[in-house]
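Please open the model in your viewer and keep the selection tool at hand.

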Amino acid sequence: MTVFEEWWLPIKAMVENKEPLTIFQSFYKEIYMNVLQDDRWRMYLDGLWITLKVSFFAILVGTILGTILAVLRLPEVTELRYKGKNPLRRAGDVVLRFLCWFAKFYIDLMRGTPLLLQVLIIYYGVFGQVRVDKLIVGVIACGLNSSAYVAEIVRGGIMSVDRGQTEAGRSLGFSGPATMLWIILPQAAKSALPSLCNEFIALIKETSILSYIALTELTKAGDYIRSRTYSAFTPYIISGILYLLMTLILTKLIGRLERRLRNSER
Amino acid sequence: MKKVIAILVSLMMLASVAMAAAETIVVAFNPEYPPFEYVENGEYMGYDVDLIKAIAEKAGFDVEFEAMAFDAVISEVMTKKDTIGVSGISITEERKLNVDFSEGYINAGLIVVIKDGSGLATADDLKGKKIGAQLGTTSDFAAEEITGRENTETYKTFLDAIKDLQGNKLDAVIVDKPVGMALLAGLADDSLIIVDMGLQADWYGIEVNKENPELLEKINNALKELEAEGFFEELAVKYFSNEEAAE
Amino acid sequence: MNAEIILSVKDLEKHFNEGKLKALQGITTEIRRGEVVCVIGPSGSGKSTFLRCLNLLEEPTSGTILFEGTDITDPTVDINLHRRKIGMVFQHFYLFPHMTVLRNMTIAPIKLLGKDKATAEKEAMALLQRVNLADRADAYPSQLSGGQKQRIAIVRALCMSPDVMLFDEPTSALDPEMVGEVLDVMKELARSGMTMVCVTHEMGFAREVADRVLFIDEGKIVEEGTPEAIFSHAQEQRTRDFLNKVL
């Protein structure tokens, strides 16, 4: 018998005998039932781990895809026209034109529909008869959704960079894409960082929607424990604290990155 | 001025007398659980609905139904003294520490829904398989006991679990016998079959706020009277007849 | 003057706003290896547009530009390969703010010419020595003065070992006390035999360094010749008017 259980048994007896509890006893009752008993803290940590994994990979997918989408929305790219006669490059021009159109459509679609519906459609529609890891569904759904928001943030960042930077890059002989990659995007990232941080925080919290497809992430872990203990809200508070910890740490890390970038070009 | 106050006071007294005369109890429930509770033609229907109406009549209070998600029922009951939960809720020792339960009023047994041809026949066959159930129901507890927590997938509703069974993401779904029968009859999916593996269910009870022992006593007394009158047999005939027909 | 022709411009036109603004109206000229050409003219005359057309930062509306024998206005030509050989210095420097001075200078040789880092940095350091900025190699552009920035911008372009250098009003954005240090670097560069095309307002510099001066107004070359011919014996009234205003 653990020491926690020893403290618990007299309180449990009091509850069963309908004796009033002091504030501390009530508090311990909640902690014991929702955290200590049956190693339930493990459930939160497992849920936290899954939320972390989904968020990390969704942010990765969202950032890479979002950056590509952002580039496809730039006037320099959408107004690009190939005037030569090489048939291969003419075809490439048509493909590019389609991609630009699709990027705009995709961003409107993803921003204009609820994430929950997107999750359900991907889970039940795209992976209809496939036994797929729900984690992967979560990463895909949240990543695709986030990419639309990231795209607009990054686009704003790119447009805030002086046009002269592009000209300087091109005049050295860098191609358009190489100029974007080496010269424009690093500068765009710096100015987009605060908004990106916002988006990442929102994404971490929105992964809680994945509990709808029964992925046992942090919110679902709280739900699970609550279904056992019938505590009105204690599991939610514990999950909430863990979300807060995650977002605070992320904010701190990005803040540090921001400061480093700022210091380098005072 | 005094007169006005006097009138107001007497009105208030009148009002409180009227309220005392017909105390209204709010019934928190999740009407997505036929035949226990469901909506038909805009009316709340079902075993639990009929039962609580009969209890209310015996115990002398009015009921007002409030539909919500299954996992919201408990919060309502815990935080509001005049709210009870009647929604096919399993009585467990742990839950008793946070709410009071009436005497158990039905134990309908559990069934297992599987895909036709999967060859699962006994509870032993289910060990290590992915089993789905509605979160916090007696089916959920049973699944966890058979196949472990890591293989148990829990859902907001039983039908969500069935969707994952249809989508090959689960091997089996455990559900209350009458509920499974009723919902699958409506689903009309030939690829699903029902197996009775003799799984043990928990009793259903009515949730009452811990601050309201008087109400609990009234409900328990009414349950006793209804049982003596043979009311539960009537309910079984009314709501479980298609189940008998299926067997 | 029989050296090899590096740039040959023929009937160059550049229109903006769908032809409403005709910035260049038929420019024809040649630039030979080792030549220093200064382009002067009133603001809005098209002299900057002319310069920017030479490496296709502005796409000409019509006309041809032969760079070392290749028509770079042909869309099938990979302009990026030719730009490596055409260095450009801007009025507003456009150093990359997120990179150190050394990185600014080595990124293009490393990424485009495939030089290894050590070689590229050695060459960059040698150039920094030449402009007396070796001690600023690890500084970021924001830590430099305007004159220092422009000197870095010049050596950044030189790191690609270009065949010709284009200068677009390189001293116009500088505080007066910093103009000298930049012009000194340009003079030194001219003496070393670099082919240069400079759009400039520094008439003293043009007179001292240029082999040839182009006076451009309203998108046309009004007059060209040696500095002596232009500054002391201008034939055209427009040239004389302009020189009277600026000298």
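Begin by selecting helix α5 and helix α6 of chain B, whose crossing is right-handed. The model is a predicted one. Helix α5 of chain B covers residues 158–166 and helix α6 of chain B covers residues 177–187. Their axes lie 11 Å apart and the packing angle is about 55°; α5(B) and α6(B) are therefore oblique to each other.

Now display the side chains at this crossing. From α5(B), the residues in contact are Phe158(B), Leu159(B), Ile162(B) and Gln166(B). They meet Val179(B), Gly180(B), Leu183(B), Leu184(B) and Leu187(B) of α6(B).

Remain in chain B and select Asn168(B), which is placed in the loop between α5 and β10 (172–176). Its phi is positive, about 65°, although Asn168(B) is not a glycine. Next, move to the loop between β1 (24–29) and β2 (38–40) of chain B, where Pro35(B) is located. The peptide bond that joins Pro34(B) to Pro35(B) is cis, with an omega of about 5°.

Turn next to chain A and select helix α3 (residues 41–72) together with helix α5 (residues 87–112). The axes of these two helices come within 9 Å and cross at roughly 115°. Here the crossing of α3(A) with α5(A) is left-handed. On the α3(A) side, select Leu65(A), Leu69(A) and Leu72(A). On the α5(A) side, select Leu96(A), Leu99(A), Cys100(A), Ala103(A), Tyr106(A) and Ile107(A). The residues of this contact divide into nine nonpolar, no polar and no charged.

Now colour the model by chain. Which chains share the most contacts? Of the two pairs of chains in contact, it is chains A and B. Chain A contributes 34 residues to their contact and chain B contributes 36 residues. About 2,900 Å² is buried between chain A and chain B, with carbon and sulfur atoms giving 45% of that area. Select Arg131(A), Arg228(A) and Tyr230(A): they supply 27% of the area that chain A buries against chain B, more than any other three residues. Eight salt bridges are counted between these two chains, A and B. To inspect a salt bridge, zoom in on Glu94(B) and Arg40(A), whose closest N and O atoms are 2.4 Å apart.

Proceed to the contact between chain C and chain A. How many residues does each chain give to the contact? Chain C gives 28 residues and chain A gives 23 residues. The area buried between chain C and chain A is about 2,300 Å², and carbon and sulfur atoms account for 59% of it. Highlight Tyr94(C), Phe96(C) and His98(C), which supply 23% of the area that chain C buries against chain A, more than any other three residues. Between chain C and chain A the count is one salt bridge. Select Arg52(C) and Glu167(A) to see a salt bridge in which the closest N and O atoms are 2.6 Å apart.

Finally, show chain B and chain C together. These two chains do not touch, and their nearest C-alpha atoms are 49 Å apart.

Technical notes:
Residues are numbered from 1 along each chain as its sequence is written. Chains are lettered from A and ligands numbered from 1 in the order in which they are written. This is a predicted model: local features need pLDDT of at least 70, side-chain atom pairs count only at pLDDT 80 or more; totals for chains, interfaces and linings use all residues. Side-chain values use heavy atoms; hydrogens and water are left out. Axes are lines fitted to C-alpha atoms, for helices over the stretch in contact, and angles run from 0 to 180 degrees between N-to-C directions. Helices (H or I, at least four residues) and strands (E, at least two) are DSSP runs, numbered from the N terminus. Angles under 35 degrees count as roughly parallel, over 145 as roughly antiparallel, 65 to 115 as roughly perpendicular and the rest as oblique. A crossing is left-handed if the near helix is turned anticlockwise from the far one by less than a right angle, and right-handed if clockwise. Contact means heavy atoms within 4.5 Å. Buried area is the accessible area (1.4 Å probe) that two parts lose on being put together, summed over both. A salt bridge is a side-chain nitrogen of Lys or Arg within 4 Å of a carboxyl oxygen of Asp or Glu. Ala, Val, Leu, Ile, Met, Phe, Trp, Tyr, Cys and Pro count as nonpolar, Asp, Glu, Lys and Arg as charged, and the others, Gly among them, as polar.
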